[in-house]
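I opened my notebook today to look at helix packing and charged pairs. Come and read along with me.

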Number of protein chains: 2
Amino acid sequence: MVMNHFSGDNLTDPNWRTAEIIFTGNELLKGNVLNTNSQWMAKTLTSIGIEVKRMVVIEDDIETIAEALRESLRRKPDFIFTSGGLGPTYDDVTLEGVAKALGRQLEINSAAEKMVQDRYKLAEKAGLLKVKDSEKHMTKMASLPSGASPLANPVGAAPGVLIEQGKTTLISLPGVPAELKAIFNYSIIPWIKPLLGSAFHAERTVLVTGVAESRLAPVIVDTMSKIPGTWMKSCVLGSGKSEICISTTASSESEANRRVDEGYKIIVEKAKELGGIVNAINEESK
Amino acid sequence: MVMNHFSGDNLTDPNWRTAEIIFTGNELLKGNVLNTNSQWMAKTLTSIGIEVKRMVVIEDDIETIAEALRESLRRKPDFIFTSGGLGPTYDDVTLEGVAKALGRQLEINSAAEKMVQDRYKLAEKAGLLKVKDSEKHMTKMASLPSGASPLANPVGAAPGVLIEQGKTTLISLPGVPAELKAIFNYSIIPWIKPLLGSAFHAERTVLVTGVAESRLAPVIVDTMSKIPGTWMKSCVLGSGKSEICISTTASSESEANRRVDEGYKIIVEKAKELGGIVNAINEESK
């Protein structure tokens, strides 16, 4: 019943990496905030050839964070990302949870201290705070687990944090979407891209109207088996209206495009044979 | 550093229940789809007095689903919800995962079978499929773990599924947002409300401009300690712009409102003392 969605050459390509993401925040668990970071990170990691295996949302609680990290480390993903809890407030406890999980101490990191001081001086100039009254918060944000490297945050005070732990790289990012994205684009992508080697992602979407999803199901299974390394999924949009996503990650752009184009062609043809009306939307290849 | 966000009368009120939510779907892990179900469920459960402790997104894989359920059951929440994987397609394997985790067999449930047949007859009338060609899919959706009860789905074919396992109630819902919401509102709320007794949720939000979040932090901690059972959280919206959420769940509506109103008043006053400009947004009390 279950198929291996990364069969074919993916399994033998050492460039295909895995990631888990831990989001902290009571505001997410209470529904005050929509977790847009999750889609952004999933899409971004997928697009550079990293397979996201699991995402979890937990409370801002040191032991809960430490336990989630220990669980995740046991599964040995290549990357663990955390999002949230790096700021100055009482419930920003992610790095304490990280330190506890890894058995490391929090200590002032001089590079992080410089980054935080620079941001606080800017905030003082803008009349938002006084640097001399902010020692405690600055010290908190500059205190990283021992052995960690800070990642520059171009739009906020709290640096990101990178730690190598065994075969896993642990990266902690702020939860504020603009800060998370800025650190990712500015500090992580340039560092991670060369490590990943060549991984090209491509996707296309087919919208089918007038056929029940259940009738498309065997067509999708059959087409996936014909194009190894390709993942297909139908999502119901309404009665008799489904969207079929076709996506793949390959070691060359032309191979990635070839697979989704072939899948697209077969799905369109078969959907028409079943009496469906086909509209291509979101034609995207990256 | 960590505060107990449900101190005060919450800890002694037997009506305060906990929940975990498991979302399945490779489309979520690849970022093809924004998980709006997570916010809707978190908000809805919070509003009826259920505390969401953890949400996880995993692959459509039987063993991964079973393992996530076993982990969750070990933490003994009152409710575990799953979202996704109840439909007719190859990757709809949630009930297989549930059955595996609970050591139960999948078997045709006659009430579920009737629900599925009724929906397929409607779909046949709409020209979307032929009932006689759909036996396999209908049987799949009507096959529930032994001892389960189906929950009517007013807008789709796959029924929801309710299973009592020890002190935990496990509820499986489809991932299609309209179906998830319909089953929740139609089948779950009327059943769950009397079980929960009286639990009233209230929340208010304060927008503060012109003060750094770090200067508001001690005010928030101090105010929370003054109003037991109340949770407060600041979220950075931009440089010198923060939103402070105040929320509580109490055993009477008047007590819930009293708490958030008192918290609101103190925060507004203190933010003004710090030189902040205060705008109340999203004034909501439910």
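Is the crossing of α8(A) and α9(A) left-handed or right-handed? I looked it up in this predicted model, and the crossing is right-handed.

**Entry 1: two helices in chain A.** I took helix α8 (residues 213-226) and helix α9 (residues 253-273) of chain A, which pack at an angle of about 155 degrees with their axes 10 Å apart. Angles over 145 degrees count as roughly antiparallel, so α8(A) and α9(A) are roughly antiparallel to each other. I then listed who touches whom: α8(A) brings A:Leu216, A:Val219, A:Ile220 and A:Thr223, while α9(A) brings A:Gly263, A:Ile266, A:Ile267, A:Lys270 and A:Ala271. I sorted these contact residues into six nonpolar, two polar and one charged.

**Entry 2: salt bridges between chains.** My search of the whole structure gave 38 salt bridges over all chains. One of them joins B:Glu71 and A:Arg54 at 3.9 Å, N to O. This pair runs from helix α3 of chain B to strand β2 of chain A, and both residues are buried. Another links A:Glu59 with B:Lys53, with the closest N and O atoms 3.2 Å apart. I found A:Glu59 in the loop between β2 and α3 of chain A, and B:Lys53 in strand β2 of chain B. A:Glu59 counts as buried because its relative accessibility is 16%, whereas B:Lys53 is partly exposed at 26%.

**Entry 3: a pair within one helix.** B:Asp222 and B:Lys226 form a salt bridge of 3.1 Å, N to O. Both sit in helix α8 of chain B, four residues apart, about one turn of the helix.

Technical notes. Residues are numbered from 1 along each chain as its sequence is written. Chains are lettered from A and ligands numbered from 1 in the order in which they are written. This is a predicted model: local features need pLDDT of at least 70, side-chain atom pairs count only at pLDDT 80 or more; totals for chains, interfaces and linings use all residues. Side-chain values use heavy atoms; hydrogens and water are left out. Axes are lines fitted to C-alpha atoms, for helices over the stretch in contact, and angles run from 0 to 180 degrees between N-to-C directions. Angles under 35 degrees count as roughly parallel, over 145 as roughly antiparallel, 65 to 115 as roughly perpendicular and the rest as oblique. A crossing is left-handed if the near helix is turned anticlockwise from the far one by less than a right angle, and right-handed if clockwise. Contact means heavy atoms within 4.5 Å. Ala, Val, Leu, Ile, Met, Phe, Trp, Tyr, Cys and Pro count as nonpolar, Asp, Glu, Lys and Arg as charged, and the others, Gly among them, as polar. A salt bridge is a side-chain nitrogen of Lys or Arg within 4 Å of a carboxyl oxygen of Asp or Glu. Buried means under 20% relative accessible area, exposed over 50%, partly exposed in between (1.4 Å probe, protein chains only).
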